[in-house]
Amino acid sequence: MAADEKPKPRPRRRHGGARRATPPAPPRPAAPPPAGAPAPAPPPSVDPPPALRELLAPTAYDRLWATGLPNVAAITKRELAAIFVSPIFYVVAGVLALLVTVFSYLPNLASQQPFTMGQIFALIETLMVFLAPLITMRLLAEERRSGTLEVLLTSPVRDWEVVVAKWLGGLVTFVAAIAFTVVYVVLISVQETTTTGYQVFGLHLTLPDVDYGRIVAGYVGLLLVGGAWIAIGLLASSLTSNQIVAAVVALGFLLVLYVAFSFLPLPQPYGDFFGYVNASARAQSFHDGRLALPDIVYFVTLIVAPLFLTTRVLESRKWL
């Protein structure tokens, strides 16, 4: 190196021994297309092949399964199999048939008084206040006592499916217990001496002068009342694991709805309200062969509200 040349200074390093990297510049926005130019076409969509679409498409069974009906049908079938092998159903059906025959049909037959199905319907509704708790007391209480309720609720079924299936099982049992009343319809038709001719599809039919429309309306009302009694009994059965306690609680609910409001002297305006919720007064139109809309709404409410509360009771067990 020459004597008059000076050494070049070294570049000073930053703290840390490494140079700081320069951040990349942000991308420039795309220039807008010139006025009048056509808009760019969207990227083509990629559709799955037809075979894959058919494989992924929901089938009719998938749609049916989403409604919960298969689970409801399966649990109802299981419940009916347990009910019809139990002696309780046959005791209820036998006692009901005996009491209705002794206290309704035979007295009218002996006195030769006019006999209508409305008397049968009224007596059945009263007797089922005491007999329906025997049908419903085991629906959920027995499941809780034996520990099978937890297994059922942890299976791939929803709580409302269990509740609806249990209610349907009790309702089918109620219908089977009152099926003997069809014999009285036949007896009334046979005892009727006057007949009327009808033309049906070119055929001449002669039928007894019996108001079958009123009988059908009475059966519809009896079905609504029975559905309400079963729903209330199911709610009581969900509250305890003891069948006797469930039957007593259900009987207390039904006595208040059907009997207590008829005899309690209440001042106004409470009298009007409790007169409205009096189940025996609401069922009177069904005995007369009339399907009044307020009475139908009343008993449908007595079905839906207890079923909703029963579902909430089952859901609360998951947090205990």
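## Helix α8 against helix α10

In helix α8, the residues Val-163, Lys-166, Trp-167, Gly-170, Leu-171, Phe-174 and Val-175 meet Leu-222, Leu-223, Gly-226, Gly-227, Ile-230, Ala-231 and Leu-234 of helix α10, where a contact means heavy atoms within 4.5 Å. The residues of this contact between α8 and α10 comprise 10 nonpolar, three polar and one charged, with Ala, Val, Leu, Ile, Met, Phe, Trp, Tyr, Cys and Pro counted as nonpolar, Asp, Glu, Lys and Arg as charged, and the others, Gly among them, as polar. The model is a predicted one, in which local features need pLDDT of at least 70 and side-chain atom pairs count only at pLDDT 80 or more, whereas totals for chains, interfaces and linings use all residues. Residues are numbered from 1 along each chain as its sequence is written, and side-chain values use heavy atoms, with hydrogens and water left out.

Helix α8 covers residues 159–177, and its axis lies 9 Å from that of α10, the two packing at an angle of about 130°; axes are lines fitted to C-alpha atoms, for helices over the stretch in contact, and angles run from 0 to 180 degrees between N-to-C directions. Because of this angle, α8 is oblique to α10, given that angles under 35 degrees count as roughly parallel, over 145 as roughly antiparallel, 65 to 115 as roughly perpendicular and the rest as oblique. The crossing of α8 past α10 is right-handed, a term used when the near helix is turned clockwise from the far one by less than a right angle, and left-handed if anticlockwise.

## The chain as a whole

The protein chain contains 15 helices and two strands, these being DSSP runs numbered from the N terminus (helices H or I, at least four residues; strands E, at least two). Of its 320 residues, 36% are buried, where buried means under 20% relative accessible area, exposed over 50% and partly exposed in between (1.4 Å probe, protein chains only). Among the contacts with a separation of 6 or more, 72% join residues 24 or more positions apart.

## Helix α5 against helix α10

Helix α5 (residues 117–136) and helix α10 (residues 212–238) have axes that come within 9 Å and cross at roughly 15°, which means that α5 is roughly parallel to α10. This crossing, too, is right-handed. On the α5 side the contact involves Met-117, Phe-121, Ile-124, Glu-125, Met-128, Val-129, Ala-132, Ile-135 and Thr-136, and on the α10 side Ile-215, Gly-218, Tyr-219, Leu-222, Val-225, Trp-229, Ile-230, Gly-233, Leu-234 and Ser-237. By class, the residues of the α5 contact with α10 divide into 14 nonpolar, four polar and one charged.

## Helix α9 against helix α10

The axes of helix α9 (residues 182–191) and α10 come within 12 Å and cross at roughly 170°, so α9 is roughly antiparallel to α10. Their crossing is right-handed, and the contact is made by Val-182, Val-185 and Ser-189 of α9 with Tyr-212, Ile-215 and Tyr-219 of α10. The residues of this contact divide into five nonpolar, one polar and no charged.

Gly-227 is placed in helix α10 and counts as buried because its relative accessible area is 0%. Apart from neighbours within four places in sequence, Gly-227 is in contact with Trp-167, Leu-171 and Ile-303. Leu-168 is 59 residues from Gly-227 in sequence, yet their C-alpha atoms are 8.6 Å apart in space.

Ile-232 is also found in helix α10, and a relative accessible area of 6% is why Ile-232 is classed as buried. Leaving aside its neighbours within four places in sequence, Ile-232 is in contact with Phe-253, Leu-254, Leu-257, Leu-302 and Pro-306. The C-alpha atoms of Ile-232 and Ala-250, which are 18 residues apart along the chain, are separated by 6.4 Å.

Ser-241 lies in the loop between α10 and α11 (243–263), and its relative accessible area of 34% makes Ser-241 partly exposed. Not counting residues up to four places away in sequence, Ser-241 touches Ala-141, Arg-144 and Arg-145. Ser-241 and Glu-143 are 98 residues apart in sequence, while their C-alpha atoms are 7.7 Å apart in space.

## Helix α3

Helix α3 (residues 69–84) has 16 residues, which at 1.5 Å a residue should span 22 Å, and its end C-alpha atoms are 22 Å apart, so the two values agree; the expected span is 1.5 Å times one less than the number of residues. The buried residues of α3 are Pro-70, Asn-71, Val-72, Ile-75, Thr-76, Glu-79, Leu-80 and Ile-83.
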